[in-house]
Amino acid sequence: MTTSPTVLPDTNLIPVAGRKQKRRSLLHRVFMRGPGMVSIIYLVVLVIVSIIAPYIVPYDPNQIDLRAVLQPPSPEHWLGTDDLGRDVFSRLLVAGGVSLAATLQAVAVGLLFGVLPGVLSGYFGGWFDTIVTRVADVLLSFPSLILALAIVAILGPGLGNAMFAVGIAYAPRFLRIVRGQVMFVRNETFVEAAISTGIPRPKVIWGHMLPNAWPALIIQISFMLGLTLIIESSLSYLGLGVQPPQASWGSMIGGSKAFIEIAPWLVLAPGLVIFFTSLAFNTLGDVLRDEVTGGRGQ
Amino acid sequence: MTTTATPGIEAPPIGRQPLLRVEDFSLDLAPSGEFVPVLSDINLSVRSGEVVGLVGESGSGKSTLALSLIGLVPKKISKLRSGRITLGDTEITAGSRRALQSVRGSKVGMIFQEPMTALDPAYRVGDQVAEAIRRHTGVSRAEARRQAIENFKLVEMSDAERRADAYPHELSGGLRQRVCIALAISCRPQLLIADEPTTALDVTTQAQILDLLRRLRDELGMAIILISHDLAVIAEFCDRVMVMYAGQIVEESPIDPFFIQPRHPYSSALLQSLPENQPPLQTLTVLPGSPPPLGLQVPGCRFAARCAHVQHGRCDVTPIDLTSRPPRAFRCVRANELSLPGAAR
Amino acid sequence: MLRFVGRRLLFLVPQLLLAALVVFILTSLLPGDAAIARAGGESASPELIAQYRAELGLDQPLYVRFFDFVGNAATGDLGVSFSTSESVSEILWRTAPVTLSLVLLGFIIAILIALPLGIVAALHPNGWADRVSLALATTGVAIPNFWFGLILVLIFSLSLGWLPTTGYVAFTADPWQWFLHLLLPAITLGHALAAELTRQLRAALGDHLRRDYVRTMRAAGLSEKSVVGKHALRSALGPSVTTLGLQVPIAIGACVVIEAVFNLPGLGSQMVQAVFSRDVQVLQGVILFTVVLVVVASFLADMAYALINPKVRAE
């Protein structure tokens with residue numbers, strides 16, 4: 001069974017009554033799957049470590065020690081030191097928090113600018129919908145990295161700006177999904193029933209339509225988190241994202257590029273972490289999608 | 001005897017040697033994981049020039065049997081439990097892929113139920129038939145195309161030259177089915193298997209296609225296996241009929257005696273439920289219940305649960321064998337005691 | 001077919017105009033403009049700036065400026081870079097071939113990987129090819145491009161010394177060197193593209209192999225080579241071609257980073273520089289060119305799809 005990318009089969013379509021219960025069981029079901037469990041555990045551990053990072057780092061991540069420059073991994077420095085003698089492991093831990101926070105920020109911006117227009121567009125239709133979807137389509141045809149770069153050019157380099165830019169670049173995607181789900185649900189009779197019993201429209205939208213859009217949205221969020229992490233790393237690698245003295249995983253790689261031959265661990269360690277984290281997000285998205293569509297989605 | 005629709009042309013005599021032999025054929029399928037028996041103890045033979053009907057409900061296994069006859073059941077989900085199928089000199093059940101490919105199309109042709117999706121949408125219909133011709137005879141492209149158009153004319157396609165350049169989506173269902181027939185007979189096979197060829201067509205086209213098949217059989221001398229759930233079609237067309245139920249053959253008989261007096265309760269029930277058979281202005285009687293699910297092991301007769309003449313202790317204990325009383329055969333322990341109503345013709 | 005092409009071409013013009021509009025709006029929001037740059041910077045006297053503004057037509061209402069912009073762009077005049085005073089068109093002329101070479105080579109490598117892998121995976125579900133393509137798909141999405149490129153450089157250039165590390169050699173100067181220098185970047189790009197292409201091809205081919213007409217062809221005795229290679233594959237290529245078209249914007253985006261890693265003087269590097277120096281003219285020109293490229297690529301993909309699938313031409 002194939003479905004269009006933005007609309008899910010209506011197997012989970014229920015009026016709101018069982019909402020909380022349904023969401024808890026989805027998480028449960030995802031957790032029960034092997035890859036799902038591994039991804040969730042990895043991400044939870046990562047988040048916890050990133051939050052407490054400042055308190056558990058063995059060294060001050062910004063502490064320069066020119067006598068211990070470019071040292072390979074050792075018992076004192078688990079991942080060695082960089083070109084300024086800073087402990088890579090400590091930097092990695094702290095940079096994790098920066099990267100993750102930035103990723104969440106971008107997705108949040110995307111949701112902010114995507115969900116509301118999507119709901120309105122799907123619900124009201126008409127010329128409003130046509131204009132919004134045309135604009136979204138044009139934006140989607142831009143390479144998202146280039147769009148982000150353009151917005152960064154307007155706003156100036158800096159992590160906050162970069163993530164805002166990335167979020168804007170994503171908004172059309174979320175918009176499309178939410179719009180699709182809302183349109184799909186709009187025609188269901190229980191919505192009519194709710195409206196006819198006098199429930200004000202916004203409440204109907206908020207209370208009935210959105211919950212049914214959640215599954216598709218959550219899946220997309222998961223994938224977007226993975227993608228955003230990579231884009232953030234890329235921008236920071238180029239020097240357009242996080243600015244020194246702050247560091248993210250991407251900027252760590254960017255700063256160590258010159259030393260790759262003599263100190264490959266400087267590039268390997270942050271890269272591997274980015275890879276695994278992105279992999280975890282993507283796997284989570286895959287498992288979520290399998291669970292929600294109830295079959296091996298191709 | 002069966003009608004021959006084409007005046008002036010005599011139906012070719014039915015040959016002595018069996019063209020197709022199915023011996024004790026049992027097949028397991030694994031549609032989702034577990035292998036379950038789908039066909040059991042199938043014995044069937046077709047002689048050249050014969051028209052045999054195979055009738056059964058959906059789920060009886062008739063389409064799987066049809067595919068098995070040319071070895072098209074996917075190997076990955078099927079397992080031969082016993083028996084073999086021989087077409088002429090080639091053993092289908094043990095044949096190499098090459099052997100099967102050379103037999104298909106040239107010795108045996110097959111047409112399917114759904115003409116709308118049976119042709120490749122990316123190629124013109126003439127090219128598709130020409131390709132099959134070239135595959136089996138190795139003639140030049142121009143010659144193959146010429147023959148393809150000849151075949152289109154043979155299947156009564158008007159404006160054949162122009163139609164040959166059409167894409168499938170430009171043709172109606174009836175026309176597409178004619179193309180499929182042309183494809184199937186293009187290399188003059190000795191046997192044509194038609195799996196519900198008219199079910200997806202409207203009534204007028206149905207009649208036309210059946211007439212066409214009858215004419216082709218008269219002119220080309222092919223044997224035909226016609227698979228259908230529609231007894232009326234079988235009645236008009238076939239010399240002999242075999243009734244399938246739940247993966248087994250439950251009755252085999254020449255056509256006229258079958259209609260006058262069937263020997264198996266299921267056959268009788270089928271005949272009774274023909275609309276022509278029923279008193280006018282009354283509710284149609286249908287056969288209650290449904291066949292056992294695929295692969296379910298049923299002790300004794302598989303029809304027992306729905307049979308009006310069932311005797312507990314006799315019918316539902318041990319598996320029932322096919323009793324052979326040539327030219328008829330039936331799988332019922334009570335057949336000799338019962339006098340089953342047939343159909344008014 | 002000709003009518004189809006003609007109709008699509010008509011669509012092209014409004015599409016391009018719309019894209020140009022978006023680019024124009026985007027860059028109008030950028031702080032700093034040609035007048036300020038000409039006048040020597042933000043600290044120049046306001047009168048001087050105003051004078052240049054009038055001269056360059058920047059004080060005109062927006063829609064007039066837009067028409068000027070489109071008109072100029074159509075004739076190849078995209079302004080002058082603030083930082084280097086080189087004309088933007090010259091910059092594009094110089095850098096576009098690099099990026100285009102990279103994208104072309106990247107796609108070729110992606111197809112070389114995806115085609116055999118996708119076909120084998122579709123023919124043998126759950127076989128080794130299927131697993132490999134799944135692994136490829138997962139890593140292709142999760143691996144950061146720039147990191148993958150760096151690793152390739154580490155292994156193949158620095159450790160093994162087989163390939164040069166950075167830089168670009170023009171095809172016209174030395175084709176072999178051109179190829180060697182582009183090989184690692186193209187593999188980096190191709191790997192990311194191959195993931196989605198393989199997935200798409202496998203799905204499409206798998207779907208077509210299950211269709212009725214394949215059964216008809218097999219029943220007619222056609223060889224597997226013909227059934228799969230000539231018939232099923234041709235129809236399956238349709239959606240894959242569309243995917244190829246959709247991958248172009250992704251590829252161009254990836255080029256930005258890949259060019260940075262491998263020091264290739266292409267559109268991507270140019271764009272990054274322009275962002276750093278807030279060079280509006282260059283940014284505008286590069287983005288416009290990129291968008292035009294994407295629209296044209298999408299158009300070509302549609303054409304290819306219509307060639308493969310006759311049903312589409314009838315619409």
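**Chain contacts and folds in a predicted three-chain model**

In the predicted model, 32 residues of chain A are in contact with 34 residues of chain C, two residues being in contact if their C-beta atoms, placed from the backbone, lie within 7 Å. On the side of chain A that touches chain C, at least two residues each come from α4 (126-141), α5 (144-155), α8 (201-238) and α10 (265-293) of chain A; helices (H or I, at least four residues) and strands (E, at least two) are DSSP runs, numbered from the N terminus. The most is given by α5(A), with 8 residues. By class, this side of chain A divides into 21 nonpolar, 9 polar and 2 charged residues. Here Ala, Val, Leu, Ile, Met, Phe, Trp, Tyr, Cys and Pro count as nonpolar, Asp, Glu, Lys and Arg as charged, and the others, Gly among them, as polar.

Residues are numbered from 1 along each chain as its sequence is written, while chains are lettered from A and ligands numbered from 1 in the order in which they are written. As the model is predicted, local features need pLDDT of at least 70 and side-chain atom pairs count only at pLDDT 80 or more, whereas totals for chains, interfaces and linings use all residues.

Chain C also touches chain B, with 18 residues of chain C in contact with 24 residues of chain B. Two or more residues of this side of chain C are given by each of α9 (212-219), α10 (224-262) and α13 (310-313) of chain C, and α9(C) gives the most, with 6 residues. The residues on this side comprise 6 nonpolar, 6 polar and 6 charged. Of the 2 pairs of chains that touch, chains A and C have the most contacts. Chain A and chain B are joined by no contact, and their closest C-alpha atoms lie 14 Å apart.

Chain C contains 13 helices and 0 strands. Its C-alpha trace spans about 85 × 55 × 35 Å along the principal axes. Of its 315 residues, 43% are buried, that is, have 20 or more other C-beta atoms within 10 Å of their own, with C-beta atoms placed from the backbone. Among contacts in chain C with a separation of 6 or more, 72% are between residues 24 or more positions apart. Within this chain, the axes of α10(C) and helix α11 (residues 267-277) come within 7 Å and cross at roughly 90 degrees, the axes being lines fitted to C-alpha atoms over the stretch in contact and angles running from 0 to 180 degrees between N-to-C directions. The two helices are therefore roughly perpendicular, a term covering angles of 65 to 115 degrees. Residues making this contact include C:Cys255 and C:Val256 of α10(C) and C:Leu267 and C:Met271 of α11(C). By class, the contact has 6 nonpolar, 2 polar and 1 charged residues.

Chain B has 10 helices and 12 strands. Its radius of gyration is 21 Å, close to the 20 Å that the globule rule gives for 345 residues, so chain B is as compact as a globular protein of that length; the radius is taken over C-alpha atoms, and the rule is 2.2 Å times the number of residues to the power 0.38. Buried residues account for 44% of chain B. In this chain, 4 strands form an open antiparallel sheet in the order β2-β1-β4-β5, where two strands pair if DSSP finds at least two bridges between them. Strands β2 (36-47) and β5 (90-91) of chain B stand at the edges, each with a single partner strand, so one side of each lacks a neighbour in the sheet. Strand β4 (residues 78-87) of chain B is joined to β5(B) by 2 bridges, and B:Leu87 has B:Thr90 in β5(B) as its bridge partner.

Key. Angles under 35 degrees count as roughly parallel, over 145 as roughly antiparallel, 65 to 115 as roughly perpendicular and the rest as oblique. A residue is buried if 20 or more other C-beta atoms lie within 10 Å of its own, exposed if 12 or fewer, and partly exposed in between; C-beta atoms are placed from the backbone.
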